[in-house]
Amino acid sequence: MSELKNDRFLRALMHEPVDVTPVWMMRQAGRYLPEYKATRAQAGSFMDLCKNPELACEVTIQPLERFPLDAAILFSDILTVPDAMGLGLYFAEGEGPNFERPVRTAADVDKLFMPDPEGELKYVMDAVRTIRRELDGRVPLIGFAGSPWTLATYMVEGKSSKEYAITKAMMYSDPAMLHKILDVTAKSVTAYLNAQIAAGAQAVMVFDSWGGALSHDAYKEFSLQYMQQIVDGLTRENDGRKVPVILFTKGGGLWLDSMADTGCDGLGLDWTVDIGNARAQVGDRVALQGNMDPSVLYGTPERIREEVATILGRYGSGSGHVFNLGHGIHQHVDPENAGVFVDAVHELSAQYHS
């Protein structure tokens with residue numbers, strides 16, 4: 001594998017010195033880019049795009065052709081794992097993801113199995129290998145997966161949900177059944193991320209999109225416990241280099257201490273958290289990633305720069321900060337504004353790294 005020409009992102013996650021704060025954007029390969037829309041149209045559908053390693057590579061690299069980003073993130077979807085378990089993932093127009101066979105009974109749970117990352121999920125590993133080859137050491141490649149709790153909500157509900165009524169009913173009426181689902185999902189995610197690392201991912205991130213929907217105690221029992229299981233089972237070194245792991249719970253500002261205690265290397269922060277307070281709370285135990293409100297990108301260039309300056313100032317001097325949005329970039333954002341954001345991070349952060 002070729003040497004990394006830009007390793008700021010990995011260095012910041014390890015609290016090693018950097019010249020400027022590294023930056024990438026969640027969903028940076030996506031619907032806000034006209035070139036993405038063209039490639040997706042060529043693929044036929046979202047899942048056809050995910051399952052075509054060459055096209056997945058193309059859209060992964062598209063944002064790097066536009067912006068001086070410090071990392072690439074694998075183009076895929078968090079629902080590849082439950083899809084590979086045979087639950088029949090499909091995307092209805094205007095509705096988001098759906099599963100033909102949701103998991104709601106003991107018999108459904110008994111049918112769950114750990115997919116083979118080089119079998120049912122080989123298309124993801126092929127995409128990772130293709131992207132690493134095409135990046136040629138330009139920036140590190142991030143692999144990712146959904147958290148067991150987040151995946152379980154889709155598996156049980158059968159689609160997106162605002163209230164998670166079926167999943168929470170199971171949690172409070174038959175917790176043992178939900179724990180079985182979470183356990184097989186955690187084992188599957190661990191194997192899936194380790195296979196991504198073996199295929200060439202240089203950092204991995206766990207997206208706990210719906211952890212913030214849980215009560216304090218339920219979060220620790222049904223979400224954090226299983227992310228801990230994943231962190232404990234991950235390959236943490238490959239190619240002679242440490243492979244950092246980032247945990248991100250949207251709405252998880254209340255649990256930063258507990259998340260830092262898992263032994264992960266970085267915590268993603270949504271925009272509801274003050275990054276200065278978060279740094280004071282977790283110290284140097286973990287790096288922090290985030291956390292500008294993606295809606296700021298609808299603002300003027302001056303307003304975007306102002307918000308970047310505020311967040312950099314709140315984090316303060318020294319390494320350990322990966323600049324990002326507090327969640328994914330919105331599809332109607334002008335790409336020009338995304339460029340203003342990336343340039344502002346590099347330009348305005350230099351003073352904090354002298």
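This is a predicted model: local features need pLDDT of at least 70, side-chain atom pairs count only at pLDDT 80 or more; totals for chains, interfaces and linings use all residues.
Reader: What is the radius of gyration of the protein, and what would a compact globule have?

Author: The value is set against what a compact globule of equal residue count would give. Along the principal axes, the C-alpha atoms fill a box of roughly 60 × 45 × 40 Å.

Reader: What percentage of the residues count as buried, and how is the accessible surface made up?

Author: Buried means under 20% relative accessible area. By that cut-off, 59% of the 354 residues are buried. The accessible surface is about 13800 Å², with 48% of that area belonging to carbon and sulfur atoms.

Reader: How many helices and strands are there, and what percentage of contacts join residues at least 24 apart?

Author: The protein has 15 helices and eleven strands. Taking contacts between residues at least 6 apart in sequence, 73% join residues at least 24 apart.

Reader: Now a single residue. Where does Gln62 lie, and is Gln62 buried or exposed?

Author: Gln62 is part of helix H4, which covers residues 53–66. Its relative accessible area is 9%, so Gln62 is buried, the cut-off being under 20%.

Reader: Which residues does Gln62 touch, leaving out those up to four places away in sequence?

Author: With those neighbours set aside, Gln62 touches Glu35, Tyr36 and Thr39.

How values were computed: Residues are numbered from 1 along each chain as its sequence is written. Side-chain values use heavy atoms; hydrogens and water are left out. Helices (H or I, at least four residues) and strands (E, at least two) are DSSP runs, numbered from the N terminus. The radius of gyration is taken over C-alpha atoms; the globule rule is 2.2 Å times the number of residues to the power 0.38. Buried means under 20% relative accessible area, exposed over 50%, partly exposed in between (1.4 Å probe, protein chains only). Contact means heavy atoms within 4.5 Å. Accessible areas come from the Shrake-Rupley method with a 1.4 Å probe; for residues, only the protein chains shown count as cover.
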